[in-house]
Amino acid sequence: MAFREQDLDALMYDYPAKVKRNRKKHILVRDTSQQKQEIEANTRTIPGIITNRGCAFAGCKGVVLGPLKDMVHIVHGPVGCGYYSWLTRRNKARTDEGGKNFIEYCVTTDMQESDIVFGGEKKLAQLIDEVVETLKPNAISVSATCPVGLIGDDINAVSKAAEQRHHIPVLSFSCEGYRGVSQSAGHHIANNGLMEHVIGDSDSEEAPGKYAINMLGEYNIGGDSWEIERILEEIGYTLVSVMTGNSSYEELREAHTAELNLVQCHRSINYIAEMLEKKYGTPWLKVNFIGIESTVESLRDMALYFDDPALTQKTEEVIARELARVEPVMEQYKKICKHKTAFCFVGGSRGHHYQKLFKELGIETILAGYEFAHRDDYEGREVIPEIKMDADNRNIPEIKVEKDERRFRLKIPPERMEELKDKIPLSNYPGMIPDMKDGHIVVDDLNHFETEEFIRILKPDIFASGIKDKYVVQKMGIPSKQLHSYDYSGPYAGFNGAIRFAKDVADGFTTPTWNFINPPWQNEPLLSGTVEEGEHTC
Ligand code: CFM
């Protein structure tokens with residue numbers, strides 16, 4: 001059904017007037033006749049509303065830092081913060097030959113009441129000593145949780161002192177959960193720390209091979225980056241670092257040597273992409289390796305950037321071979337999926353990326369949104385200068401990055417850069433809204449109430465979301481696809497990932513489970529009998 005602006009009012013009927021006014025700014029019905037459609041994003045969730053968002057600590061320690069495998073990531077705080085950020089994101093990592101991998105450890109100061117009262121600095125210092133002695137990591141990160149900021153532990157001073165004691169980098173991150181309105185604040189804090197203390201911290205001036213690239217915003221969930229790496233390495237790219245899936249402190253130090261930065265997840269890492277361009281002159285290219293068509297497009301955009309006939313030829317060879325292999329397999333799943341509809345609501349970039357893969361399968365995304373992305377992820381980067389700073393944004397320290405006079409080098413001439421910008425998303429991201437069709441809905445920070453209401457009205461065939469909202473929806477009889485950690489499946493990226501995704505989605509539609517969704521007693525009574533008048537004995 002076509003959804004109209006006035007349907008929104010009906011949907012919000014139960015909201016108090018103030019809540020309604022607020023939420024209306026976060027929802028829009030796509031109307032391509034309008035030049036520009038604005039949406040409010042990255043502002044506080046109204047207290048009392050059940051949001052799907054996480055916290056700044058989750059964005060810093062969990063998302064950006066956590067996947068770096070040769071580091072030990074210390075959670076300074078109560079044990080719950082450590083426990084619930086322990087391997088729940090499925091960012092996979094393999095141990096390199098002779099390398100270090102601490103991904104499976106959960107290391108926390110386990111603050112108790114007495115530490116909250118008397119301070120936790122000593123405990124933190126002692127834990128760092130223990131970690132160095134027993135695990136010998138290449139570097140350590142210390143992430144602060146809410147109580148740490150409230151009681152005022154100086155994690156920076158403790159980390160600096162430990163660095164001098166042990167002669168290994170100990171990076172501290174003031175990413176207390178309340179630092180921002182969502183995990184997005186934590187991404188920014190982690191980006192700043194990595195840029196200031198890790199990236200470019202090696203003596204290398206040259207990349208270790210031809211067509212050197214970094215892949216930013218790829219976290220190897222369910223093995224995604226292994227599939228992307230398979231393709232890129234076969235074409236002949238040298239992957240200097242991945243930020244940060246299956247990657248390491250040591251690899252990140254070399255990142256300044258790349259000729260191009262790919263940006264998969266714009267939301268979580270665009271700060272580093274921008275800072276690398278400013279400091280070293282390395283442009284970034286927005287890619288999307290989710291979906292066959294998007295993967296092909298991204299590979300061709302990369303070839304265009306490097307503009308080398310041999311690379312272009314190899315790119316086309318790999319594309320042709322992969323398509324011949326995967327397209328026939330996709331066909332069988334397309335038959336099951338065609339004409340279906342989806343909701344696609346994920347944290348940041350995936351709310352956009354997966355729409356293309358759904359489309360390839362014949363599934364139309366009729367509602368999409370992000371938990372915590374910013375206006376530029378919806379409307380495109382040109383709105384960045386218009387975005388107002390508020391008290392929450394000011395909470396995140398801005399770091400000043402300047403041109404590195406010794407290492408700055410324009411990777412391609414400015415005229416060519418301008419020419420390319422017309423053809424490929426070079427140092428640009430146009431956002432989700434331009435890809436959505438008339439009548440489709442964009443919702444920022446979708447909440448529990450609205451989820452149920454939109455489902456009741458639009459009746460999607462599949463709901464793609466996160467762990468917090470999926471079970472309620474599944475109990476409504478709608479197949480769900482968890483797009484954060486993939487419901488124990490994946491990889492979903494690249495060519496092989498698209499097949500896996502198609503299979504999982506098709507399985508969701510065809511599973512016999514749905515026949516059991518109504519308990520048998522609802523259809524046929526298990527007991528039957530009659531009550532006759534006049535036969536009571538008591
Ligand atoms: Fe980027 Fe991500 Fe996402 Fe994200 Fe996340 Fe994630 Fe996500 Mo969950 S970095 S914004 S903070 S693509 S953990 S791997 S799935 S909400 S849409």
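Predicted model: local features only at pLDDT ≥ 70, side-chain atom pairs only at ≥ 80, totals over all residues.
**A walk across the surface**

Helix H5 gives the most to the nonpolar patch, with three residues.

The nonpolar patch lies on the surface and is formed by Ile116, Val117, Phe118, Leu150, Ile151 and Tyr178. Together these residues have about 630 Å² of accessible area. Two helices each supply at least two residues of the patch: H5, spanning 113–118, and H7, spanning 146–151. Take valine 117 as an example. Valine 117 sits in helix H5. Its relative accessible area is 62%, so valine 117 counts as exposed.

Is lysine 388 buried or exposed? Lysine 388 counts as exposed, because its relative accessibility is 72%.

Now turn to the cysteines. How many disulfides does the structure hold? The number is zero. Cysteine 55 shows why. The closest cysteine sulfur to that of cysteine 55 belongs to cysteine 146, and the distance is 6.3 Å, too far for a bond. A disulfide needs the two sulfur atoms within 2.5 Å. Cysteine 55 has a relative accessible area of 30%, so cysteine 55 is partly exposed. Cysteine 146 is partly exposed, with a relative accessible area of 30%.

Note on methods. Residues numbered from 1 in each chain as written. Heavy atoms only, no water. Buried < 20%, exposed > 50% of the residue type's maximum accessible area, 1.4 Å probe, protein only. Patch = residues over 30% accessible without salt bridge, like charges linked within 9 Å, V, L, I, M, F, W, Y side chains within 5 Å. Areas by Shrake-Rupley, 256 points an atom, 1.4 Å probe, with all protein chains shown as cover. Salt bridge = Lys/Arg side-chain N within 4 Å of Asp/Glu carboxyl O. Helix = DSSP H or I, 4+ residues; strand = E, 2+ residues; numbered from the N terminus.
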